[in-house]
Every structure is written in C-alpha cells, then in structure tokens.
Amino acid sequence: PETAEKIKFYIGDVRDLQSVRGVMYGVDYIFHAAALKQVPSCEFFPMEAMRTNVIGTDNVLTAAIEAGVGVPDVISADATRLVNYYPDIPCVDVSKLVDEINADRPYFKAAYDGTKIGDSHYFVPFCSSTTMMFVRKDKLEAAGITKMPTTWEEVVAAARAVSDPDNDFYGLGMGCGDTDDDDENMFREWVWNEGGSLFKEDGSVNSEDGTFAKTAELYGQLYQEKVIPPDATTWDSGGNNGSYLAGRTAIVFNAPTLYNAMANNEEYKDLLANTYIAAPVVGSANGIYMSFNRGFGIMNTCKDMDTAEDFLHYMLDKEWYDQYMDQVAPVYAPVFEDEKQNPTWSEGVNAAVLSYAENASGYYGWPVATLEGRAVAAKHMYMFPFEKVFNQVATGTATAEAAIQEQIFNIEDLSAQINR
C-alpha cells in the first residue's frame, strides 16, 4: 500500500519525444522496456521497429538527459545520431581508445574514417548494417540478360526488359511512400552516383545541380511506364521486401533481413535459389553508397571512465567478437580487416555484406565536410527529403525542380535554427 501511493500511470508513446519529456522530471531511475522484439514482424515492418526500438530509445535518452535523470555510461551510437546533437554532442571523445583498437586490430579504412565527426571519434565502431541489391536472375535470364546489373543504367534497362504489368510483375521495386527509409537511402545513392547532391562540401545548399532533377524525372518515367508497381508511392520500408517475397518485383534494394526471410522459410526456397545478391550498383560519376556503421559511445556524464573503457575493450575482444558476429550474420557485418580471412565471411551473401562494410563511405549530407553542415543534414534526414521529391514527381503533384526547391527551403530553415 505504501508503494502503491507512489506509483502513477501515464499513457504515452516513446516514439513521441514530447510525450516522454512529460514524465521525466523528478524521476531517479528509468527502466526502458518498450520494444518490438518479434523478429519476423520487425523484418516485415522495419520502419515501425525503427520508430519504437531506435527512435523511441533515442527519445528516452534525450528526455532523460534534459531532465537530469541518471543516464547510462555506455550507449549504442552512430555518427548520424550523435551529430544530430551538435554542438552539444553527449558523448566524450574516444579517439585515443579507437586508435589503440585500430593499432592492435586494424579497422576497414571506411569504418575508421567514416565514423569520425570532424576530426574526432565519439563512439567506438563495432559493426555495420548494409543495403544489398536483390535480383530475380531467372526473370532476367528469361529476357536474355545473363550479366547481372552493375550500374544504374543497367538496372533501368533490365527493369524495363522484365516488366509485365498485365500480370502484376514489375522490374524495379523502389518505393517512395512517406516513411520508406530503405529506398530513401537508395534514392540518395542513385543521385550521388550520377554526380548530384543536395549539399556542397562547405555545407551550403547545392541549388544549381540538375542531376537530382534528372534522376527523379527518370524515376517518374519508370513509374508511368509501369516498371515500378503502382502502389509503390504508398509503401513503407516493408514495401520493397514484401513485393519481392510476393513475386511481384525483379530488383529491390533491402537489408539482408530479406535474405533471412527467404533462407528461413521453406516457402521461399525456389525464390532464394533464383536470387542474385550483391552490393549496390555504381553510376556514371561514382560508386558511393551509404555507410551504416554502429558502435558504442561513452556518455559525458560517466564518472568511471576506466570501467567504461574496459567494457568496450571486452566487447571488441576478437574471440568474443567473432563468435557474436557469426551469430548475427548477414544482417550485421564486422568492420575489421582480418575478417576477410574469416571463413564465415568468405562466400555467398556474407562475403557481399562484408565487401559493403569495407567500402561504404557515404553519409547523410555527403559530400558536406563541415560539422554544421552535417548537423543540418542529419536533422534533414528525418524529413525523408529524397523520397518526397521522387514521390511528388511520380505522382505528378510537383515538378522535380519545385519539389527540390521545397527541400532547399527546409534545409535553409534548419540551418537558421542551428546557427541561432
């Protein structure tokens, strides 16, 4: 009875930062247990899982820090999440620790360089997630295409060649719904690979580039030609893998969870046998693709740095690390050079995701090099800007130029807020 009087119940939503903020003040400890943990459901609805498990956790931490509640000493982190807090990055500089680890066991160069914020590391790189290309090789071969696509031009040509909309089959499964983060990233890569971008290196807006508009217009043409499913404009991030598993699309870009969905279900045995999996293609300008390195940061409120660093050394112990990464393959890939000699990562989809981790160097806002510019780009990422442009062009609600100009206004507004 005495304890019951101290308990208050609130209805809230960890996905809503303001909802979480409202219950934090006066709290001594937080037990964060809100999560979607059924793997099949998370694989089919990854955006919902991300909103609860990732953004929800970020909201709890943010609200706790603001309210002065005791926070963890070590947190899961990535460059985009941390730079989003700029100039008040909540983690300490661990460059010395990362350099010690790198000297003992070299990181992939892309992992070492790509996890820096400015000239410093604010988290210790641990693993990489990936976005792979999945191709129905049987459909391409039936159309006389025996060489799997390695460029965006070849992807478009193959997609056009195999499309059969009268039988509900489409060559390219790239959606542009409001929250389709998989294809948001792929639209970025497509534009980058053809030489376009939203930002310049100095962090200013790249308003004079016409490549973005041309790429969006090409997507719009493919949509009108029914090379892309008509419902793709409403997909969330489960749309492309759902369409592939349903046998509706020939080429999609998705996390290796799509491989797991096929490999772990007898129903998809034939589909997997007819699937070619590789790292994303290149464009006429470059082969830049998104880096998704993750790791562990030490909060700047930590009072026992030695123990926190000991913990991170333990997490990077080679024997334990290799056993763990073997268990999570191919959804996550290791980030160390010596893994290229590890039999686990020497063939098949595992070799493909390791190659991705070794070479991925893109980031939100690429090629911007300033901290202020990366902070703006990190915040702008949550608006799904590329997806919105491609959607507006596909649905005919705006020209490519007008849709891009809308995003430029958003960037300028975010920049003004950060620089106040």
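Helices and strands here are DSSP runs, numbered from the N terminus. The model is predicted.

**Exercise 1.** Find where Asp304 sits, and decide whether Asp304 is buried, partly exposed or exposed.

*Solution.* 
Step 1. Look between strand 9 (293-298) and helix 14 (305-315): Asp304 is in the loop there.
Step 2. Take the relative accessible area of Asp304, which is 36%.
Step 3. Recall the cut-offs: buried is under 20%, exposed is over 50%, and partly exposed is in between.
Step 4. Asp304 is therefore partly exposed.

**Exercise 2.** Which residues form a negative surface patch?

*Solution.* 
Step 1. Start from Asp304, a member of the patch.

**Exercise 3.** How far apart are Glu184 and Leu316, in sequence and in space?

*Solution.* 
Step 1. Along the sequence, the two are 132 residues apart.
Step 2. From C-alpha to C-alpha, Glu184 and Leu316 are 32 Å apart in space.

**Exercise 4.** Describe the protein chain as a whole, and judge how compact it is.

*Solution.* 
Step 1. The protein chain has 19 helices and ten strands.
Step 2. Its radius of gyration is 22 Å, close to the 22 Å from the globule rule for 420 residues, so the chain is as compact as a globular protein of that length.
Step 3. The C-alpha trace spans about 70 × 50 × 50 Å along its principal axes.
Step 4. Of the 420 residues, 52% count as buried.

Terms used
Residues numbered from 1 in each chain as written. Predicted model: local features only at pLDDT ≥ 70, side-chain atom pairs only at ≥ 80, totals over all residues. Heavy atoms only, no water. Patch = residues over 30% accessible without salt bridge, like charges linked within 9 Å, V, L, I, M, F, W, Y side chains within 5 Å. Areas by Shrake-Rupley, 256 points an atom, 1.4 Å probe, with all protein chains shown as cover. Salt bridge = Lys/Arg side-chain N within 4 Å of Asp/Glu carboxyl O. Lys, Arg positive; Asp, Glu negative; His and termini not counted. Charge placed at Lys NZ, Arg CZ, Asp CG, Glu CD. Helix = DSSP H or I, 4+ residues; strand = E, 2+ residues; numbered from the N terminus. Buried < 20%, exposed > 50% of the residue type's maximum accessible area, 1.4 Å probe, protein only. Rg over C-alpha atoms; globule rule 2.2 N^0.38 Å.
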